[in-house]
Amino acid sequence: MKINQVMDIAIKAGKILLTNGSEIYRVEDTIGRICRSYGVDAECFVLPTGIFITVIGKDGEPLSYVKRINERTVDLSCIEKVNSFSRSLQRNTMSYEEAINTLDSIEKEKGFKFALRLLVAGITAFVYTLLFKGTIQDSIASFFIGMLIYFSKEKIARAGIFRFFEHFASGLIAAGMSIVAVKLFSGLNIYRIIISSIMILLPGVAITNALKDALHGDIVSSQFGIAEAVFIVVSVSAGVAIILSFGLGWI
Amino acid sequence: MEEIVLAFIASVCPGIMYNVTRRNLLWVGISGMLGWITYAWILEVTGNVVFSSFLGAIIVGLYSESVARILKAPAMVFSIPGIFPLVPGIAIYNSTQYISENKLLEAANTGIQAIACSAAIAFGILLVSAVFRLLKRSTKKETA
């Protein structure tokens, strides 16, 4: 197999991992593992926003490949599949077409339907209200608000206005809708409704990945993750705080 | 008992949102359940939120690293939805609310609590995965 084909496979696997919220060290490991299993010695450097690979070709000429990553979501099943794909390459290598097709099918896979995820977002808010010792009425209110937040967050993220705007808007919606709910049905606890509906926005993935990267010595990427987490929390709470500043007097 | 079931659902649901494969969902739920049981139990005994979050995260970390080895999946599949119930949403919200009510002292109080809790959770996960890496390295040396 040609060296640039190996790099193609490695870059594609790395891109899938990075866009689906993997840790940085896992991307570097996977790229290295794929290249080694084809007998290619590669040096790679991965940032949360891009992948760089350089290989010394047979005639001693260096070949390099840069891939810019713009979108970042979280899809744990993609990470799991690419991980087992790279491990299976180690045991027996595939042809170029076969490998690219496998990666394509991993990338294209839809996973759970949007309607189901929407429903689940509502159930999450419902369950968290109960877990924080709210009443059933509170939970029903946060069920609808949680669904609304997830819906608007996904739609705004798809529209791609700018990063973190979706979190800010979700914070606004969470607080605004909770105030409306409390105004309509007296006896609800606004505090529990807002907390449980913003639970799905909090940056668990960013923080955990950042610390794991720090453990593997990748301080640059871990700073990125921590900064991302802080930005998310600040934008959600800015949204909530703006509405609360106006709304608490109104209730 | 009721809370245990709730904690189970509370980590399966984020699991579905993060697209965990179907055969792993059950294990994801157990991860969150164990974390929450530890958290709630330690909180009742000691009354220290930060310490309870830390121990809860350690249990989630231990569980997910071991299950990851059995099921041959990355540990993050189990640990990320598993720590979901431990995330200090209440403290973050309280801090925001105090800021909007212009009670800055209380806001700083709860804000620091939120930061301490998240640091404790992250550090718990980190500690466990460090120990597991160390173990892996030492077993590799023995076999090699």
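Read along its sequence, chain A runs α-α-β-β-β-α-α-α-α-α-α-α-α, with 10 helices and 3 strands, where helices (H or I, at least four residues) and strands (E, at least two) are DSSP runs numbered from the N terminus. This is a predicted model, in which local features need pLDDT of at least 70 and side-chain atom pairs count only at pLDDT 80 or more, while totals for chains, interfaces and linings use all residues. Residues are numbered from 1 along each chain as its sequence is written, and chains are lettered from A and ligands numbered from 1 in the order in which they are written.

The C-alpha trace of chain A spans about 75 × 30 × 30 Å along its principal axes. Of the 251 residues in chain A, 49% are buried, that is, with 20 or more other C-beta atoms within 10 Å of their own, the C-beta atoms being placed from the backbone.

On the side of chain B that touches chain A, 39 residues of chain B are in contact with 42 residues of chain A, contact meaning that C-beta atoms, placed from the backbone, lie within 7 Å. The elements of chain B that give two or more residues to this side are tabulated here.

| Element of chain B | Residues |
|---|---|
| α1 | 2–17 |
| α4 | 76–82 |
| α5 | 89–100 |
| α6 | 104–143 |

Helix α1(B) gives the most to that side, with 9 residues.

Note on methods
Contact = placed C-beta atoms within 7 Å. Buried ≥ 20, exposed ≤ 12 C-beta atoms within 10 Å, placed from the backbone.
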